[in-house]
Amino acid sequence: MKKKILKLLIKKDNNNRFHYPLHENALSKDDLAEGFKVLQSRQLTMSKKTKQFEEYFKKKLKLNYCMMVNSGSSANLLALFALINPKKKNRLNQGDECLVPSICWSTSLWPVVQAGLKPKLIDVDINTFTINLDTIKKNVTKKTKAIVIINVLGNTSNIDEIKKFANKKKIYLIEDNCESLGSKYKNKYLGSFGDFSSFSFYYSHQVTSGEGGMIACKTKDDYLLLKTLRAHGWDRDIQKERVNKKFNFINSGFNLRPLEISAAIGLNQFKRLSKMMSIRNYNRNKIINFIKKSKNWHKQFSFFYPHKNLKPSWFGLPILLDTKYIKKKEKFLNYLNKNKVETRPIISGNFVNQPAIKLYNISYNLKKLQNSKQIDKRGFFIGLPTTKLSDIVAKKLAELLLKVSKI
Ligand SMILES: Cc1ncc(COP(=O)(O)O)c(C=O)c1O
């Protein structure tokens, strides 16, 4: 068994060297078999498997309503376009303000802009990398009508209090949970707090179907609206509004439908989520233990610990270098890369540094984004595989990471 795992994890290149990839392929033979069944059935377009996945997902995460789409980005897009739709009661208007964390993914932010709202980029907490209630309170104005909260890499902030605050102020909460499927806050799954919540099944995430996503919402009206927006604005599936006419379009829309094969693979893999979560947690603890018991450990960096009320579902291990290594970060990451340890920024770093921010003339106040700056300058993450790490691999990895003080 151990040999098999080692073979999987220490992929040897031509020079026979160790390799610690950012993401390993988590698709099992069973997942693929489910995909093949769909191919054999020739039913490639969204159908029964998609419905089955939606039902199972909704039940498991105790969501009110949920609907599958072709990516997490599409789920975010639908959430924002539902909020501005003429069918939506108390809909948002052009220019309304929406708070967005500056440590964010591209498609957590752009749907806000695409929907004609005004994003206000705000700072995140240095411990959880997410926005917290204090920062929200400091930034909310009368113009604030929505908040995008991102649960970063399995972690969150005091999301129950954020939800209460948003309800009280009649502000919509969009919970981008694309990185945190399976995490529970006070025994409630993340992704069940927002008025709209998004999930991603992209290759590297907790559950993958290659590409795919899910959107959850709280009310039947919103659910029906999402269904029309997912498929061209068509009335198909919307009994309430169906007229005795084919090709009846009752709204604007997109085509964001998932493929049936993604649903089949996603559903099968989702059933293994808790097993994969516990292996990732085991690997995380193992790496941290090897680091902390090494004679070379001098607190060169800190880890990202779950919020006190959280039972996390990880997919990476974020690391924050001590401030004295800021200048060395690039050299150190190159060193890791040369030694076959793949790394990447925390989400995409401080998003205000991305060229697209200038292109769209998005305003921000750099002075108020100090934690985001720190996370950008000091942070990176490595992957956590869904097969158990051997001692040899975990130790080798720990020693390479500890080299930051020697470079
Ligand atoms: C926070 C966050 N939101 C949204 C997405 C988009 O998900 P997808 O890749 O499925 O479009 C990602 C993707 O990595 C993400 O990290």
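**Buried cysteines and nonpolar cores**

Cys98 counts as buried, at 0% relative accessibility. The model is a predicted one. The sulfur of Cys98 lies 11 Å from the closest cysteine sulfur, which belongs to Cys104. That distance is too far for a bond. A disulfide requires two cysteine sulfur atoms within 2.5 Å. By this rule, the count of disulfides is 0. Cys66 is likewise in no disulfide. For Cys66, the nearest cysteine sulfur is that of Cys217, 8.8 Å away. Cys66 is also buried, with a relative accessible area of 4%.

The largest nonpolar core was then examined. This core comprises 102 residues. Tyr20, Phe301 and Leu401 have the most contacts inside it. Helix H4, spanning residues 72-83, supplies the largest share of this core, with 8 residues.

A second core, of 19 residues, is separate. Among its members are Phe57, Tyr189, Val207 and Leu267.

Tyr20, one of the residues with the most contacts inside the largest core, was considered individually. Neighbours within four places in sequence were left aside.

Notes
Residues numbered from 1 in each chain as written. Predicted model: local features only at pLDDT ≥ 70, side-chain atom pairs only at ≥ 80, totals over all residues. Heavy atoms only, no water. Core = buried A, V, L, I, M, F, W, Y, C linked by side-chain atoms within 4.5 Å. Buried < 20%, exposed > 50% of the residue type's maximum accessible area, 1.4 Å probe, protein only. Helix = DSSP H or I, 4+ residues; strand = E, 2+ residues; numbered from the N terminus. Contact = heavy atoms within 4.5 Å.
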